[in-house]
Amino acid sequence: MNAFWIILTGSLVASLCGILGCYLVLRKMAMVGDAISHSVLPGIVLAYLISGTGASLPMLAGAALLGLLATFLIETFHRSGKLQADAAIGLTFTFLFAVGVIMISLFARNAHIDTDCVLYGELVYVPLDIIVTQSGTELGPKAVWVVGSTLCIVTAIVIFGYRGLFLTTFDPGYAASLGISTAFWHYLLMGMVSVASVVSFESVGAILVVAMLIAPAATAYLLTERFKRMLILSVIIGCSGAVGGYFLAVWLDGSIAAAMTVVLGVQFTLAFLVKGKFFRSVNKTIFSRAAK
């Protein structure tokens, strides 16, 4: 049963990150997830100072707020400061991470702040954190409910807001000419990415979250030119990576999150070889030589 909960959690995170990752890849903001994972440290410290406890819920709330702040700063530096998106991302996460380190040294030097609960989660512990009702009924791991609920909300927003997200992703100028607020849809998307990233950190860890935000979407991008199909493929690729990664980890007796990341990388490599420039260039070379 533990294997089921681990695979289900990994698949839910893969589906959640895969959907949002498609928009990030197309907007050339794929590293926003990595920026958020570094930027949440001040939020963790603030949550500890306000609540006086290292419990997961206050930590996640503080991290989520700082994730939203990070996305706002990235957009402000990019739009108003005329910085390239990658420069804005790099500046924001290094600044906020450094602020978090200073806050720990000044206000929480002797406190035990479990940053691992947000930044370096491990899937093997998911079945141990069970939600139990007052009557003693076990409802399953907390991570499944939290990530699953977030997935339902994000899916509903993507479905009902498909036109706005689609147009502002592919042609912001045309969307603005139609009266569509590009700023609203951008911040809505960044807000979803921030919340989705933070609720996934505790369960699977920052590295796997970043991998699931980028790899399934990038792989799907190589395999299709239709956006709706890209969304569906990213979910399928992410879930298959979660399943394959679990069994690889069992076989190797290693880290589950790392194994899932490796499988996602292998999937992308295979798609690149079949559909990417490497395959076409090799074919071109072979056929040109054959013609001679």
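Biologist: Is the crossing of α1 and α10 left-handed or right-handed?
Modeller: This is a predicted model, with local features at pLDDT of at least 70, side-chain atom pairs at 80 or more, and totals for chains, interfaces and linings over all residues. Numbering starts from 1 along each chain as written, and side-chain values use heavy atoms, without hydrogens or water. For α1 and α10 the crossing is left-handed.

Biologist: How do α1 and α10 run relative to each other?
Modeller: Helix α1 spans residues 2–26. The axes of α1 and α10 lie 10 Å apart, at an angle of about 155°. That angle makes the pair roughly antiparallel (over 145 degrees).

Biologist: Which element gives the most to the lining of the second largest pocket?
Modeller: That pocket holds about 310 Å³ of space. Its 13 lining residues include Arg27, His78, Arg79, Pro172 and His186, the closest to its centre. Elements giving two or more residues are α4 (56–79), α8 (162–170) and α10 (182–204). With four residues, the top contributor is α10.

Biologist: How many residues in the lining of the second largest pocket are charged?
Modeller: Charged covers Asp, Glu, Lys and Arg. The lining also has five nonpolar and five polar residues. The charged count is three.

Notes. On a 1 Å grid over the protein atoms alone, a cavity is a set of points where a 1.4 Å probe fits but cannot get out, and a pocket is an open set with protein on both sides within 12 Å along at least five of seven lines; lining residues have an atom within 4 Å of a point. Grid points are joined across faces, edges and corners, and a volume is the space filled by probe spheres set on the points. Axes are lines fitted to C-alpha atoms, for helices over the stretch in contact, and angles run from 0 to 180 degrees between N-to-C directions. Angles under 35 degrees count as roughly parallel, over 145 as roughly antiparallel, 65 to 115 as roughly perpendicular and the rest as oblique. A crossing is left-handed if the near helix is turned anticlockwise from the far one by less than a right angle, and right-handed if clockwise.
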